[in-house]
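These are my notebook entries on one structure. I set out to look up its charged pairs, its surface patches and its annotated regions.

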Amino acid sequence: MSSPHIAVAASPTRPHDEAPVGTDERSGRAPRRDAFFDNAKYLAIVLVAVGHAWEPLREGSRAVSALYMLVYAFHMPAFIVLAGYHSRGFDGSPRRVRRLITGVVLPYAVFETAYTLFTRWTDGVPDRPVTLLEPLYLTWFLAALFVWRLTAPLWQLVRWPVPVALVVAMLATLSPSLGEDLDIQRTLQFLPYFVLGLFLRPEHFRTVRRRRVRVLAVPVFAGALAAAYWAVPRVTSAWLYHRDSARELSAPAWYGPAMTLALFGCSLLLVACFLAWVPGRRTWFTTLGSATLYGYLLHGFVAQGSKYWGWYDPEWLYRPLGAVTVTLAAAVIVTALCTAPVRRVFRWAVEPRPDWAFKR
């Protein structure tokens, strides 16, 4: 049960960020967090939750399906680009590896087990095995981030890192036999976004936040929504999940590399437009943006349970007012899951601190 849904963000103590924005990775000094990136992560995690909430409403609604495709075209690439940007300082040192274990590996083990046990009940599969090799539902991103971050020093040595990563992603779409271990197909297909993030600099983000880019982002998003509306009955949204080979999507082999290149260009354009409209100042949700890993990992239980509990049974939810209500409810729920009280309760699982397990 591997979900298409995608997103993750850093917790208050940055288990996903090797350093906050503006940190000098070489000296290790950590100045004040940049509100822009926390704002971006909060807005992106809201889109993730909304995307989950829209999924049961897609059948029979071309408008909801178009919005769904538009969001899935850029929200995960945005997260992965940011993850790559904040992984620039990973050098394989003991301190970095320890942070990788406590911030990625341990939460992955905890929530992989928790989701398996929870979905045994909600999916009616009491014998679903607990395995750490085949990521279940939302946990795939933690497994992928572990692999990506371990390879970060290698990409720093490659002469043309982004083109090479794109070739790797394109070749992955040609092979349906890569297996399910660590969701390797999706890990490889999303790799170029992470590698690109490794080589971005603050000035690149300042460029997309210029007024001219913000103005241009409006017609770009409008055009993208129109294209998504046109594509709904013609193109499967599974291409946006990057979890299958071309053959598994019943497409000719050459579609895989072609779609990889096309989606890479379109997704990056939409990511730039999304970031252009992210506020750079501190807002009421800036602090929440530093804790979106909580919202990411915990909202999946709500998304899974909502169908089992019959939340989508009322017919009025499948009308325009219902879609609006579902959207607002998803945004409120994921926002609440990023708040301080929730962090205090679940810190042991999301941000474990097993100091006893490491040498000083």
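I count a salt bridge where a side-chain nitrogen of Lys or Arg lies within 4 Å of a carboxyl oxygen of Asp or Glu. The model I consulted is predicted, so I take local features at pLDDT of at least 70 and side-chain atom pairs at pLDDT 80 or more, while totals for chains, interfaces and linings use all residues. Residues are numbered from 1 along each chain as its sequence is written, and side-chain values use heavy atoms, with hydrogens and water left out.

**Entry 1. Salt bridges**

I found 7 salt bridges in the structure. K41 pairs with D38, and their closest N and O atoms are 3.6 Å apart. Both residues belong to helix α1 (residues 35-54), where they sit 3 residues apart, about one turn of the helix. Helices here are DSSP runs of H or I with at least four residues, strands are runs of E with at least two, and the numbering starts at the N terminus.

D38 also forms a salt bridge with R33, with 2.7 Å between the closest N and O atoms. I then checked burial, for which buried means under 20% relative accessible area, exposed over 50%, and partly exposed in between (1.4 Å probe, protein chains only). D38 is counted as buried because its relative accessibility is 4%. K41 is likewise counted as buried because its relative accessibility is 4%.

I next looked up E351 and R347, whose side chains meet in a salt bridge at 3.5 Å, N to O. E351 has a relative accessible area of 3% and is therefore buried. R347 has 32% and is therefore partly exposed. Salt bridges with shared partners join R33, D38 and K41 into one network.

**Entry 2. Surface patches**

For patches I used residues with over 30% relative accessible area and no salt bridge, joining like charges within 9 Å and nonpolar side chains (Val, Leu, Ile, Met, Phe, Trp, Tyr) within 5 Å. Accessible areas come from the Shrake-Rupley method with a 1.4 Å probe, and for residues only the protein chains shown count as cover.

Which residues make the nonpolar surface patch of about 540 Å²? I list W121, Y308, W309, W311 and I333. W121 lies in helix α3 (residues 94-122). W121 counts as partly exposed because its relative accessibility is 43%.

I also noted a negative surface patch formed by E134, E180, D181 and E248. Asp and Glu count as negative and Lys and Arg as positive, with His and the chain ends not counted. Each charge is placed at NZ of Lys, CZ of Arg, CG of Asp or CD of Glu. D181 is in the loop between α5 (161-172) and α6 (184-189). D181 has a relative accessible area of 43% and is therefore partly exposed.

**Entry 3. Annotated regions**

UniProt positions are given in the numbering used here, feature names are shortened, and annotations may be inferred rather than shown by experiment. The unreviewed UniProt entry lists residues 35-333 for "domain: Acyltransferase". Over residues 35-333 I read 67% helix and 0% strand, with the end C-alpha atoms 22 Å apart.

The unreviewed entry also carries the annotation "transmembrane region", whose ranges include 252-277 and 284-304. Residues 252-277 are 85% helix and 0% strand, with end C-alpha atoms 38 Å apart. Residues 284-304 are 81% helix and 0% strand, with end C-alpha atoms 29 Å apart.

**Entry 4. S306**

I located S306 in helix α12 (residues 292-308). S306 is buried because its relative accessible area is 5%. S306 and T122 are 184 residues apart along the chain, and their C-alpha atoms are separated by 9.3 Å.
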